[in-house]
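Student: I have a model open and want to learn to read it. Where do we start?

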Amino acid sequence: MQNETNKRVAYFYHPQIGRYHYGKEHPMKPKRIAMAHNLIVNYGLYRNLDVYMNRQASLKEMEKFHEPEYLQYLSQFTSVRSQIVNEYQHYNQQPNITHFTSHIYNEFDLLDYNIPHSHEPIETNNNYPQPNSFRVGDSTDNPSFPGLYDFCQLSAGGSIDAAHVLISQDAEIAINYSGGLHHAKKREASGFCYVNDIVIAILELLRVHQRVLYVDIDVHHGDGVEEAFLLTNRVMTCSFHQYGDDFFPGSGDIDSYGEGLGRYHALNIPLKIGMNDETFTEIFQKIITQVMEIYRPEAVVLQCGADSLCHDRLGGYNLSTKGHGACVEFMIKYNVPILVLGGGGYTIQNVARCWAYETGLCLNKKIDAPIPTSEIYYEYYAPDYKLHFPIKQNVENKNKKEELQRIVEKIYGYLKSIEPAPGISFHDLPQSFYPDMNVEEEINPDQRYEQTLNQFEGAHYEEGSEILVDPSNGFSIHRRE
């Protein structure tokens, strides 16, 4: 295990993403993604990135996991300005899309509901099921809002294409902070998540890779991803999360470890409040070291939910950006293709700090300078205007050493019970979302677009404001300098 200094890093972003608005009182603020992006620009990190613009995932792509009926319901929540985003789709003509073969669906148990998958475009009509059946708009957690469907498409499209640049070996690390929505289920919204971009991206990775490891450092259990792959040994899920005292979503006990072929392939590390850098880093590294040695994944998906940071509005940990980032840095050292995603995080200035810092780590750069004065969101970082914020003092870490050791030993026991790689059988190869692509050849750059560099500078978004994207500026690919 060694850290290479010249990894190629792809970064996915769309200038619209920060404009979507769950509601004034809702803790989920897509604006944090725009704030992180602006720090990445103002720290000059983008110069070392290959930057791509997120495209909108197609209905057929999202149907790889989600029920057509559910997507049909979501599709009514489009933005009156969504045609602006569609202008960029005019430049980015999607290749033909095909569905995964039925045996892959059966292996992952993704067709349990016996509802036929539609291959036709969504029909516009008002005969939608009651929202309670999909848990959209029936609670403050999962509100319906203008542009909801477009937001989901951009999130999923970024993760799918990020997975694809890894498959085509155009990058060793791919980043999409608008992804990581790990709670969404096959036919219902959950925990601020509507479309599970992670599951769809992992399905794309499985087209080429025999084994994919999913690691989740969000403060909440990655239940939607675990549920999707509960019955397969092709994917191992490993979630480090706060657990107990009715903390959402309530799942993720250590004795929940997968079923059937997936037995012992769903690893849950339930933790308590007060978790600090030293303790979190220690248990993370102990468990991941064993996972990597035994399971030997060919690709890794890392969900970097920043609600595990100190001062988060919903989480109860006491992690710093450096403690959170240590997990990213540790995973990178394995030199396995890695998809880095966003996730939770509800103190938005700290989310932006964290993801900017972790982008630097992906580039083998540890940024520590004060917030640049050119930063358009500069006042959000008052009073100290520093990248790294202080953690809380005199906070009790409820995670006792003896309890953590028992967790580690139990996880080690699960890992000893699985068949070590490369003995894990490689089932049928699923078809790609890009069926005509030769993976030995470089993907056609005309199929990927990014905003021009002058669009990066000074990009500023107010929540709920009108979206101003001028497609006449063109969309060119920025390669690292």
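Student: Is Tyr317 buried or exposed?

Tutor: This is a predicted model, so every value here is computed from it. The cut-off for buried is under 20% relative accessible area. Tyr317 has 3% relative accessibility, so Tyr317 counts as buried.

Student: Where is Tyr317 found?

Tutor: In a loop. That loop runs between strand 7 (299-303) and helix 10 (321-332).

Student: Which residues does Tyr317 touch?

Tutor: Leave out residues up to four places away in sequence. Then Tyr317 touches Val219, Phe240, His241, Gln242, Leu271, Lys272, Gly274, Met275, Phe280, Ser308, Leu309 and Cys310. Take Lys272: 45 residues separate it from Tyr317 along the chain, yet their C-alpha atoms are 7.9 Å apart.

Student: What about contacts across the chain?

Tutor: Consider contacts between residues at least 6 apart in sequence. Of these, 84% join residues at least 24 apart. Buried residues make up 62% of the chain's 481 residues. The chain has 13 helices and eight strands.

Student: Which residues of helix 12 are buried?

Tutor: Start with the general idea. An α-helix has 3.6 residues a turn, so residues three or four places apart point the same way. In helix 12, the buried residues are Leu404, Ile407, Val408, Ile411, Tyr414 and Leu415. They cover an arc of only 120° around the axis, which puts them on the same side of helix 12.

Student: Which residues are exposed on the other side of helix 12?

Tutor: Glu402, Arg406 and Lys416 are exposed there.

Student: What do the buried residues of helix 12 pack against?

Tutor: Three elements turn up as partners: strand 5 (235-242), strand 6 (266-271) and helix 9 (277-295).

Student: Now a helix pair. At what angle do helix 6 and helix 7 pack?

Tutor: Read the angle with the axis separation. Helix 6 (residues 148-167) and helix 7 (residues 197-205) pack at about 25°, with axes 8 Å apart. Angles under 35 degrees count as roughly parallel. Helix 6 and helix 7 are therefore roughly parallel to each other. Their crossing is right-handed.

Student: Which residues meet between helix 6 and helix 7?

Tutor: From helix 6, the list includes Ser155, Ala156, Ser159, Ile160 and Ala163. Helix 7 brings Asp197, Ile200, Ala201, Glu204 and Leu205.

Conventions. Residues numbered from 1 in each chain as written. Predicted model: local features only at pLDDT ≥ 70, side-chain atom pairs only at ≥ 80, totals over all residues. Heavy atoms only, no water. Buried < 20%, exposed > 50% of the residue type's maximum accessible area, 1.4 Å probe, protein only. Helix = DSSP H or I, 4+ residues; strand = E, 2+ residues; numbered from the N terminus. Arc of directions from axis to C-beta. Contact = heavy atoms within 4.5 Å. Axes fitted to C-alpha atoms, helices over the stretch in contact; angles between N-to-C directions. Parallel < 35°, antiparallel > 145°, perpendicular 65-115°, else oblique. Left-handed = near helix turned anticlockwise from the far one by under 90°.
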